[in-house]
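This report looks at a few local features of one protein model. Please keep the sequence and the structure in view while reading.

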Amino acid sequence: MSSVDELLAGSALSLSEARILFGHALRVGPPWIIAHGRDPVADGDARAVEALYARRRAGEPIAYLTGEREFRGLSLFVNPEVLIPRPETELVVEQVLAIVSGRTAARILELGTGSGAIAVAVAHARPEAEVWASDTSADAIEIASANAARHAVSIRFIRGDWLDALGEERFNVIASNPPYVPEGDPHLAQGDLRYEPRAALVGGADGLDCIRRIASDARKHLVPGGWLVLEHGFDQGPACVQLLTGLGYTTVSDTDDLAGLARVCKGQFDEVRGAG
């Protein structure tokens, strides 16, 4: 019978990952794991832990193995039907919150909500805002709804292809982390991306198909002076700035993530100026 420490050491994983998976399998936290390092682990429990270790060694993402990922301090349910929320997407939330800062009320829409990360984080930070979220996937809507309920935030979920199901609705801010990986990008065959839904990753030959569509269609769903906020690939900033400027958006800018890479493009749209 192996001890806790022996199972951790034999995992062939980093200690942090080994502890996360051990804790998930046995439903114990890090303090318990550290305090009980020399304790024996029952054979059935050890098999459950080792099964998770084997799946992780084969490449499955930690988030899918545990069913959770933290985003802006909020623990979110995730599964292979949705993208795993990443730190760089927190920049989208920061930009949205900066735009609506000082407003007594704001209507905010997240497109392609997936796990609901952006919408839930915004609604959690600004409970007085009217937050909507859309996705074409029923599975994504289900898990995003579960995350909204988990954090007791109010979000109106709409199932539809980007803005097609929004009718005449207009918003102060439309935000999205759309598919933006180019077809054939070698990163799709590496790391966690191998396990994530391809439809939520790939944005056409150059990765910009969804961004182009959103930027064009969003103009009909923004109030005068409303803002579009888009996450994009690390090398797509200039193309996104050019796209939004060409479509009539003003005050267009691109913001770097913590790694110093251009990551989030935003622009303001006025239908009168934009029509010119």
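## Serine 115

In this predicted model, serine 115 sits in the loop that runs between strand 3 (107-111) and helix 7 (117-125). Is serine 115 buried or exposed? Its relative accessibility is 4%, and buried means under 20%, so serine 115 counts as buried.

The side chain of serine 115 comes to 3.4 Å from the backbone nitrogen of alanine 117. Beyond its neighbours within four places in sequence, serine 115 is in contact with Leu76, Phe77, Val78, Val82, Leu83, Pro85, Ile143, Ala144 and Asn147.

## Helix 8

Among those contacts of serine 115 are Ile143, Ala144 and Asn147, which also belong to the buried residues of helix 8. Strand 2 (74-77), helix 7, strand 4 (130-135) and strand 5 (155-159) are included in what covers the buried residues of helix 8.

Helix 8 covers residues 138-150, 13 residues in total. From its first C-alpha to its last it reaches 18 Å, close to the 18 Å expected at 1.5 Å a residue. What caps the N-terminal end of helix 8? The cap is serine 137, with a side-chain oxygen 3.3 Å from the backbone nitrogen of aspartate 139. Just after the helix, alanine 152 has a positive phi of about 55°.

## The largest pocket

Rolling a probe the size of a water molecule over the atoms shows where empty space is left. The largest pocket has a volume of about 980 Å³. Its lining consists of 44 residues, and those nearest its centre are Leu83, Asn177, Pro178, Ala200 and Leu201. Leu83 is also one of the contacts of serine 115.

Sorted by class, the lining of the largest pocket holds 21 nonpolar, 12 polar and 11 charged residues.

## The second largest pocket

The second largest pocket holds about 280 Å³ of space. It is lined by 15 residues, with Ile20, His24, Ile62, Thr66 and Glu68 nearest its centre. By class, this lining has 5 nonpolar, 6 polar and 4 charged residues.

Which element supplies the largest share of the lining of the second largest pocket? Helix 2 does, with 5 residues. At least two lining residues come from each of helix 2 (15-26), helix 3 (30-35), helix 5 (62-66) and strand 1 (68-71).

Technical notes
Residues are numbered from 1 along each chain as its sequence is written. This is a predicted model: local features need pLDDT of at least 70, side-chain atom pairs count only at pLDDT 80 or more; totals for chains, interfaces and linings use all residues. Side-chain values use heavy atoms; hydrogens and water are left out. Helices (H or I, at least four residues) and strands (E, at least two) are DSSP runs, numbered from the N terminus. Buried means under 20% relative accessible area, exposed over 50%, partly exposed in between (1.4 Å probe, protein chains only). A polar contact is a pair of N or O atoms within 3.5 Å; within protein, one must be able to donate a hydrogen and the other to accept it, and residues adjacent in sequence count only if both atoms are side-chain atoms. Contact means heavy atoms within 4.5 Å. On a 1 Å grid over the protein atoms alone, a cavity is a set of points where a 1.4 Å probe fits but cannot get out, and a pocket is an open set with protein on both sides within 12 Å along at least five of seven lines; lining residues have an atom within 4 Å of a point. Grid points are joined across faces, edges and corners, and a volume is the space filled by probe spheres set on the points. Ala, Val, Leu, Ile, Met, Phe, Trp, Tyr, Cys and Pro count as nonpolar, Asp, Glu, Lys and Arg as charged, and the others, Gly among them, as polar. The expected span of a helix is 1.5 Å times one less than its number of residues.
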